[in-house]
Amino acid sequence: MTRYAATHRLSIENPVEFWAQAAEGIDWEERWNQVLDAADGLTGRWFAGGRLNTCYNALDRHVERGRGEQAAIIYDSAVTDTKRTITYAQLLDEVTHFAGALAANGVAKGDRVIVYMPMIPEAVVAVLACARLGAVHSVVFGGFAANELATRIDDAKPTLIVSASCGIEPSRLVEYKPLLDEAIDLSRHKPSRCILLQRPQVEAPMHAGRDIDWNDAMAAAKPHACVTVEATDPLYLLYTSGTTGQPKGIVRDNGGHAVALHWSMKNIYGVEPGEVYWAASDIGWVVGHSYIIYGPLLHGNTTVLYEGKPVGTPDAGAFWRVAAEHKVAAMFTAPTAFRAIKQQDPSGELIKDYDLSGLRTLFLAGERCDPDTLHWAEDKLGIPVIDHWWQTETGWSIAANCVGIERLPVKAGSVGPAAPGWDVRTLDVNGNDVGPGEVGAIACKLPLPPGTLAGLWQAEDRFRDAYLTTFPGYYETGDAGFVDADGYINVMSRTDDVINVAGHRLSTGAIEEVLASHSDVAECAVVGAADHLKGQLPLGFLVLKAGVERDSSDIVGEAVHLVREQVGPVAAFKNAVIVPRLPKTRSGKILRGTMRKIADSEDYTVPATIEDPVVLGEIQDALGSIGYAK
Ligand code: COA
Ligand code: AMP
């Protein structure tokens, strides 16, 4: 039996022993009573009775044990041409003071704090300061519109919001403060305070009595000690798209999260404490939470915080520059970033300008990785390229070729075998295992390993309905695919209406809600059409109200603008078409899957349940007029 197979088997046959051993990597204030209390909550609780502080484990203990002078964060901002190295001792100092500032402004254990910030070190400081206080952070990605921020404010009900005056996109400055003010106006819940970092590029107006300048708050702050929390207390909420416009607030606990992420750094990513690790993502996404902030810091690594893009800041050599300059040992990004680089520098000329001898492994995740992109990266970099699969809900990999345990052969198109802790099955509609190579719904047998979702924020019924009901005894991932005879998993598509745009997860339902609010639109549908760069792009179908005779390009333009205003630029909603009717089943269900296949020029069978097959021809013609369905 391979080392991987033995490790995986132990984790499934004896999860208690397996994770108790992994938990030795964390410093506990009090050890747990039970490694896994399977009866607690809907899916069980890890390390019940254990007490710890996640910030202590990410910072204080490293300083106490001699890592004070090691870089904790290397901030590399290609968009402002700034670089800054922050040691563990310096980061600890900033975090203790910011925790003091939060406490002085009314934040206590269990309170929520929304962090709406760009990729700057202060965002990491804010997150860790919340963890230090036992407050629950919820980071909101900067590319969302005010309306999306307002939805999250109303759900999380934060005591305080931490923000900055602007984010910097290569083509424009994104002023955060007007978006923040608008979101607070829109929301029913009002935070009592906002702490705002003024970046030099934009000076934001302050709201007297509510807004406090970051520097003033820090100057007045006294350092704050770690507040011990239960292992099962929430560390953070992270909202992600589901099938409706209402995002899901994924709850992550403290104890299981610290254990799993610490374990993953060595076992999945194969790095040792002290090495430089770089996740080129954004702190607004789960990858940023787990592998820009918590994983590397819990493990005593140096993390790179990169504010820039893979291309255009200034060129397609940006990733190689950062990796070479900061001696990155392991790197993690989304395939879309590599597709963008490959498009601009197909022969990888720019790679030759940099010394990448320290880079051992490249990890990809966030969307399906096409074999072409994988092979290109392997060929140009000459190192193992590991695709691995996970979700906001799971917090770390469900499937991965765990190079720290044993590097197995890479199979292009596959996300590797199940990671230790994960009992992955492919099921038919009746919940029976389909055979190797057969496509089914991918589900994971309960209990889930530590570090995965503890539930949805104050929505137990939704948690049960969304993940635990279709296949009793399993967690339903929402992905479909197959497992080959060697146990390698292939994730092929979603089973719901979630789409994946440049590694960003979006709900077609949320975009449809916005389109439906246009005064001329009677009915609409959104599908994810294939895109060679971003994987998928949302494509809208609009049916107009009877009697509307306005210019259709005006209506499409307004619809595009509306989605940008309501969901945000990150939705990348640029294409819509007006159609006379939507194809539906006789029971009224919109045939989105068939529409997507027509848009992508794929073969399709006319569904037996379709109300009127003629509609499909109308869809084909309309799509042809905007360059789809060729
Ligand atoms: N704040 C405000 N706006 C943002 C933003 C942020 N943090 N991030 C992105 N946006 C905006 C962009 O400016 C763009 O707006 P535009 O329509 O005015 O051009 C829009 O949202 C879409 O952004 P993006 O998806 O980044 O597309 P792009 O065309 O600018 O760049 C890539 C394409 C491939 C280079 C880019 O998508 C990328 O780097 N992807 C990596 C994906 C990734 O890290 N995923 C995380 C999961 S691991
Ligand atoms: P998110 O929660 O934003 O991380 O998105 C999770 C979803 O992205 C998964 O459910 C998959 O649909 C998709 N995904 C993530 N990683 C991969 C991968 N390596 N291969 C295929 N799909 C992936």
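Mentor: Let's begin with Trp278, which is buried, its relative accessible area being 0%. Keep in mind as we go that this is a predicted model. The partner of Trp278 is Phe319: the two rings form an edge-to-face pair, with 5.0 Å from centre to centre and 70° between the planes. Trp278 belongs to strand β16 (residues 276-279) and Phe319 to helix α11 (residues 318-325), so their contact ties together parts that are 41 residues apart in sequence. Phe319 also counts as buried, because its relative accessibility of 2% falls under the 20% cut-off.

Now turn to another pair, Tyr236 with Tyr294. Here the rings are stacked, at 6.4 Å centre to centre and with 10° between the planes. Tyr236 sits in strand β14 (residues 234-240), while Tyr294 is part of helix α10 (residues 286-298), so this pair links parts that lie 58 residues apart in sequence. Both tyrosines, Tyr236 and Tyr294, are buried.

Widening the view, the model has 31 aromatic pairs. Ring pairs also join several residues into a cluster, made up of Tyr269, Tyr277, Tyr291, Phe332, Phe363 and Trp390.

Finally, look at where charges meet rings. Arg152 places its charged end over the ring of Phe144, 4.5 Å from the ring's centre. Lys411, in turn, lies over the face of Tyr488, with 4.6 Å to the ring centre.

Note on methods
Residues numbered from 1 in each chain as written. Chains lettered and ligands numbered in written order. Predicted model: local features only at pLDDT ≥ 70, side-chain atom pairs only at ≥ 80, totals over all residues. Heavy atoms only, no water. Phe/Tyr/Trp six-rings, centres within 6.5 Å; stacked < 30°, edge-to-face > 60°. Helix = DSSP H or I, 4+ residues; strand = E, 2+ residues; numbered from the N terminus. Buried < 20%, exposed > 50% of the residue type's maximum accessible area, 1.4 Å probe, protein only. Lys NZ or Arg CZ within 6 Å of the ring centre and 35° of its normal.
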